[in-house]
Amino acid sequence: MSTGQNVRKVRTALVIGGGIAGPVTAAALVEAGIQATVYEAYPELGEGIGGGLALAPNGMAALDLIGAADEVRAMATPIAGTRMAVDGRLTELPALSGVEPLRIVGRGDLHRVLRDRAAEAGVRFEYGKRLTGATETADGVQARFADGTTATADVLIGADGVRSTVRTLIDPAAPGADYTGLLSFQGYVDAAPDLDAEPGVMTFAFGKRAYYLYWKQADGRMTWGANLPSKKYLSLTEARAIPADEWLHRLRQTYRDDSPGRLLAERTTADNLDVTGAIHIMPPVPHWHTARMALVGDAVHAPSNSTGQGASLAIESALQLARCLRDIADPAEAFAAYEALRRDRVERITKRGARTNRKKTPGPIGRKAMHLTMPLFFKLMNFDKVMGWEQRYRIEWETPVR
């Protein structure tokens, strides 16, 4: 990744958050000629990380630009086919031609790859740095951390997730992430020849009481994800404070009338259950930036996991933000250009996820309707028109931003 654009005012950046968007933003900024340091609140890499996530073809294409995609491909499970199950009836879903498969990768593994790639590029990481405030001046911004230390740079980028501190610094009245009414879990089951699944095929299942999905890995092991309805909101810390055996009891009760949901829940042990917490969705954020601070990733756009695009959109936005700062000298103008490039795309995908979430607990009548209409719906659907714009999206890194 290279560019001939060297005229800029921004030369240094503070990146708040060391998850996915943070390291990618920092690596891309370094490629753009901007010195970047990542400040992570947790004391070390991987604190509290569990479960897996999906990377869509557009996300993998974005990772190619920072040289991280091949390592992710080597460790990820490719999903080349998908199908939907309603009351035991399976419907094969259409697929886009000419794009690589969806990739499922462990969240902790992805964090390590992105951190290592950023470090190789020259990014410095500071751990145990929880942001408490920031002050902008005409020439830059100063960040303040809970341990009493400060840091200064030309700009500050908030990649600090759905509970973003930077978002509230930019706009104290900014909305927070909405709770979808679903708690997320991921379980792992030893090789199970009696379970109906092919390697590389993911099944989206609408159970009697709750939605779940599952796929078989190349070695025969099964991975499944449960979206458990819960009126009570539980943070990740609160959900993990409840013993895994208690969650397993609830999961087994919820999926007891489903196939293969019942077997998946019964065969998952406490040691093989990841509690990944409440599922959030980010409403439109009115203000993405100030003159010296901007938001990226889940801090500004967190679509439901139903989209399969959360991580991919974060990676895309990180690259587009770096590209704008590379090519536009004034940071406020660069941030405005970045928002113009990203807002419509991420909000359209977020709306799609919200519609999908509403269908995850359809009830008996809704399931019957889905059972009858699904085959015809997918037969008539122009899948390339509906999903092509999402997954074929590519960032023109070499093209200057005007």
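Me: How many aromatic pairs does a search of the whole structure find?

Reply: The search finds 10 aromatic pairs. Keep in mind that this is a predicted model.

Me: OK, what about Phe185 and Trp247, how are they arranged?

Reply: They form a tilted aromatic pair. The centres are 4.9 Å apart, with 55 degrees between the planes.

Me: Where do Phe185 and Trp247 sit in the chain?

Reply: Phe185 is in strand β13, residues 178-189. Trp247 is in helix α7, residues 244-254.

Me: Next, Tyr212 and Tyr255. Why is that pair edge-to-face?

Reply: Their planes stand at 70 degrees, so the pair counts as edge-to-face; the cut-off for that is over 60 degrees. The ring centres are 5.1 Å apart.

Me: And which parts of the chain does the pair of Tyr212 and Tyr255 tie together?

Reply: Tyr212 belongs to strand β15, residues 211-216. Tyr255 is in the loop between α7 and α8 (261-267). The pair therefore ties together parts that are 43 residues apart in sequence. Tyr212 and Tyr255 are both buried.

Me: Which residues form one aromatic cluster with Tyr212?

Reply: Tyr214, Trp224 and Tyr255 form that cluster with Tyr212.

Me: Switching to charges. Which ring does Arg326 lie over?

Reply: Arg326 lies over the face of Trp397, 4.7 Å from the ring centre.

Me: And the charged end of Arg345, where does that sit?

Reply: Over the ring of Tyr393, at 4.0 Å from its centre.

Me: Now the core. How many residues has the largest nonpolar core?

Reply: That core has 79 residues. Those with the most contacts inside it are Leu55, Leu63, Leu156, Ile157, Leu319 and Leu325. Helix α9, residues 310-327, gives the most to this core, with 10 residues.

Me: What is Ile157 in contact with, leaving aside its neighbours within four places in sequence?

Reply: Its contacts include Leu14, Val15, Ile16 and Thr25. Ala294, Val296, Leu321, Leu325 and Phe335 are among them too.

Me: What does the second, separate core include?

Reply: This core of 27 residues includes Ala85, Leu183, Ala197 and Leu228.

Me: Last one, Ile34. Where is it found?

Reply: Ile34 is in the loop between α1 (21-31) and β2 (35-40).

Me: Why does Ile34 count as buried?

Reply: Its relative accessible area is 1%, and buried means under 20%.

Me: How many Å separate the C-alpha atoms of Ile34 and Asn382?

Reply: They are separated by 43 Å. Along the chain, Ile34 and Asn382 are 348 residues apart.

Methods. Residues numbered from 1 in each chain as written. Predicted model: local features only at pLDDT ≥ 70, side-chain atom pairs only at ≥ 80, totals over all residues. Heavy atoms only, no water. Core = buried A, V, L, I, M, F, W, Y, C linked by side-chain atoms within 4.5 Å. Buried < 20%, exposed > 50% of the residue type's maximum accessible area, 1.4 Å probe, protein only. Helix = DSSP H or I, 4+ residues; strand = E, 2+ residues; numbered from the N terminus. Contact = heavy atoms within 4.5 Å. Phe/Tyr/Trp six-rings, centres within 6.5 Å; stacked < 30°, edge-to-face > 60°. Lys NZ or Arg CZ within 6 Å of the ring centre and 35° of its normal.
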